[in-house]
Protein chains: 2
Amino acid sequence: MEKVFDNLGIYLDEHAERPVEQDLIYFERVDNGESIVLRNDLSCQPSGIKSYSAHIGICKEGSADFTLIVLDKPGLGKAVYTRSLSCSDAVRFDRENTRVGNIQSLCVISKNANVFTPSAKQDILHIAQQVETVTGVPITQQLISCTGVIGVPLPMDKVVSGIQSASGNLEYGQLEASANAIMTTDKQAKMVSVEFDGIRIAGFCKGAGMIEPNMATMLAYYFTNAVIPAQRLEAILKRAADLTFNAVSVDTDTSTSDTVAILSTAEREMSEKDIENFERALTAMFFKSSRDILGQAEGANSVIEAQVSLSTSFEDARAYAKKIINSPLIKTAVHGSDPNWGRVVMAIGKPMERNSLAEINPEQLRISIMDEVVFNYGAPLPLQLDILSNRMRAARTVRIKVEIGAPVYTAKAWGCDLSEEYIRINADYTT
Amino acid sequence: MEKVFDNLGIYLDEHAERPVEQDLIYFERVDNGESIVLRNDLSCQPSGIKSYSAHIGICKEGSADFTLIVLDKPGLGKAVYTRSLSCSDAVRFDRENTRVGNIQSLCVISKNANVFTPSAKQDILHIAQQVETVTGVPITQQLISCTGVIGVPLPMDKVVSGIQSASGNLEYGQLEASANAIMTTDKQAKMVSVEFDGIRIAGFCKGAGMIEPNMATMLAYYFTNAVIPAQRLEAILKRAADLTFNAVSVDTDTSTSDTVAILSTAEREMSEKDIENFERALTAMFFKSSRDILGQAEGANSVIEAQVSLSTSFEDARAYAKKIINSPLIKTAVHGSDPNWGRVVMAIGKPMERNSLAEINPEQLRISIMDEVVFNYGAPLPLQLDILSNRMRAARTVRIKVEIGAPVYTAKAWGCDLSEEYIRINADYTT
């Protein structure tokens, strides 16, 4: 059992034999230390949420490519978005709405990102008008996401028919169908939910690992019955996403549509302790969702966890951790189960634009792989390479730990290995 | 015939049928416009340079892994180095010497980077002392480079024997053997030389593309007979390296040993016009060397050239160009000959730490692939995908051109495709 974050009681119980989505994740309640286990499904979804999912013909195959979710009444909605400079008009639309007020509906179109097409902006407005007509939810209380191929105009006639079909077909308790409808090349739906003391949170996400626009982007939606002040929710969402979704990378490529949103049905009032437990629960759920994305990353066989401790700042620690998980040569070494710590030395040495990091003194550096120290303050340690290699091969998560100087701040980041299959999926693609 | 840089008369004549090293590169003299073609060998090396190369047993196979080069007399030596925070002690040693004064010798050990080993620093000093003993060149007028695996102590007894064997065996006109001795996993030696008006420049480099420490790093050395003031040479070297070596990337991984050095035998005085021609010649040679590295990159089949024009600054233009060549999804698309311009939209949108680049307005964006406009100020253009794909497949260099707003500044960057072979070479590596 691994403790995931130093200051939050969140634990991971993983087994290489079962699918990554079936691993168990717990959090400890701040008030009484009780362990709450996350459900790997949507069995704890809040009530008062109707949805409709369908194949409306965006993609040729028969899988669902459209979902519309409507809350019985508007509640607080907040989100974090891609920082892409080429972000989609759906993201711009959502950003405006979550900045201002309450949210009551969410419409997701998959297999087409509606990005950099001639009428992208007008199409989003048209979708919003149609959703308002069918559901009565005003345009300013809606979220819209599109995910898939870039630069191909949305078949608006199909989208409009899809929205109109939702009329009379919205049903309670059908979020699992929505979780399936938002997928692109994902192997399966990625779901999580939890209940404690009547507080419910349920969420699902998509992302085949390739955080990229042509076949997959990362979208994640969470629903709760909790009543929480807007600024508190915003701060919790930001902290939780920062520790999890923002610490994950598959291939350094950034999507134009990434969105992590949370909507509230506003049924359950919360005490201060409840809010603290809520933050732990949400962080644990975000950790699970982002890890499910990595676990299903196209071509990936294992998760890479980099943990870096140093003396200057948390941001520096995370910058180093990200250098490790983003290095193609570390990703290929992990793919080959090669405990090649020289590549870690290389990766942490990579110059960065932002951080004016100091040169690394070997005397102040310790590197561990799978908790085995391989470089200890100036001296490489003798290794039984085949044993360590076998441990890497058998593990779900390959752990690389770096300490530089006196460790005060610690950060983690997660990535995945880079395999021939990644190349095949992304290169041998019919034009 | 492609013009390589807008403001310098440098041209590339490439043919997909011949090896990349055999492509022809010209520069135009600033005084009379005459075209000078670079030689793809070391036939124009300056006189007064002795060298010795040998297999001293750093690697098991019989290929040369050691070279010592000594100039008849000390001359100006300047270099640019890796910006790695984990840089080698050889780089620290060289940095000090090229900062201060003249250089008379260069010793390169390949197959071992001598980085992050317990006695790395002492070993460099020991090598310098031995070179001084054998050649009489003082420690402060030497350069030393090591390249290869990280973290493995140098077999100093073999290195010392190697240096001693050089005594009495240094010979004139043997730089080609040195070009071979510095290789690690390079397919073949990469050489270039030129002569005009009695000015000679000759150089060679190594780098199997993977700018990484375990199997290859980028080292490049140039020798000239030209007399040139130190500050002028430093400025020319910096400008030339910035346009070429610093605009090239294979896998974003940065070596601990990268060095580009130029040494002068100080035989030929230069006029102001000579110096201008010298800068063109050196830039063209650096372009050839960096391109040879890309052309031989492990697993790579084609060069990617990204050219970005925009209104704000050259640095911004280059930041965008580098985002394009470093995107794994563009590298895999090029590998699959897929003219997937959606990935270019994604890549230029990737957020950066340093540059506060503005959001990209589709109306202000034009993208071309192989000189065919695929996205024109807000509108994707209809494409004959198979024809464009075939042109990409047949080309040595796949050219991607991006214009954002009113183009004032233009920058280029070069990369290569990402293939299954890259994964195999870097993953299936016996531990």
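The elements that give two or more residues to the side of chain A that touches chain B include helix H1 (89–100), helix H9 (341–349) and helix H11 (420–427) of chain A. Helices (H or I, at least four residues) and strands (E, at least two) are DSSP runs, numbered from the N terminus. H9(A) provides the largest share of that side, seven residues. By class, the side of chain A that touches chain B has 33 nonpolar, 21 polar and 16 charged residues; Ala, Val, Leu, Ile, Met, Phe, Trp, Tyr, Cys and Pro count as nonpolar, Asp, Glu, Lys and Arg as charged, and the others, Gly among them, as polar.

The model is predicted: local features need pLDDT of at least 70, side-chain atom pairs count only at pLDDT 80 or more, and totals for chains, interfaces and linings use all residues. Residues are numbered from 1 along each chain as its sequence is written, chains are lettered from A and ligands numbered from 1 in the order in which they are written, and side-chain values use heavy atoms, with hydrogens and water left out.

The contact (heavy atoms within 4.5 Å) takes 70 residues from chain A and 70 residues from chain B. Together the chains bury about 5,600 Å², 61% of it on carbon and sulfur atoms; buried area is the accessible area (1.4 Å probe) that two parts lose on being put together, summed over both. Because 100% of the interface residues of chain A are also interface residues in chain B, the copies meet through the same surface.

A salt bridge is a side-chain nitrogen of Lys or Arg within 4 Å of a carboxyl oxygen of Asp or Glu. Two examples are tabulated.

| Salt bridge | Closest N and O atoms |
|---|---|
| Arg95(B) with Glu359(A) | 3.5 Å |
| Arg399(A) with Glu2(A) | 3.5 Å |

Arg399(A) lies in strand S18 (residues 397–404) of chain A and Glu2(A) in strand S1 (residues 2–5) of chain A, so the pair ties together parts that are 397 residues apart in sequence.

Strands pair if DSSP finds at least two bridges between them. Strand S5 (residues 49–54) of chain A runs antiparallel to strand S6 (residues 66–81) of chain A, joined by six bridges, and Ser53(A) has Thr67(A) as its bridge partner in S6(A). S5(A) is also joined by two bridges to strand S9 (residues 171–172) of chain A, again antiparallel; here Ser51(A) stands opposite Glu171(A).
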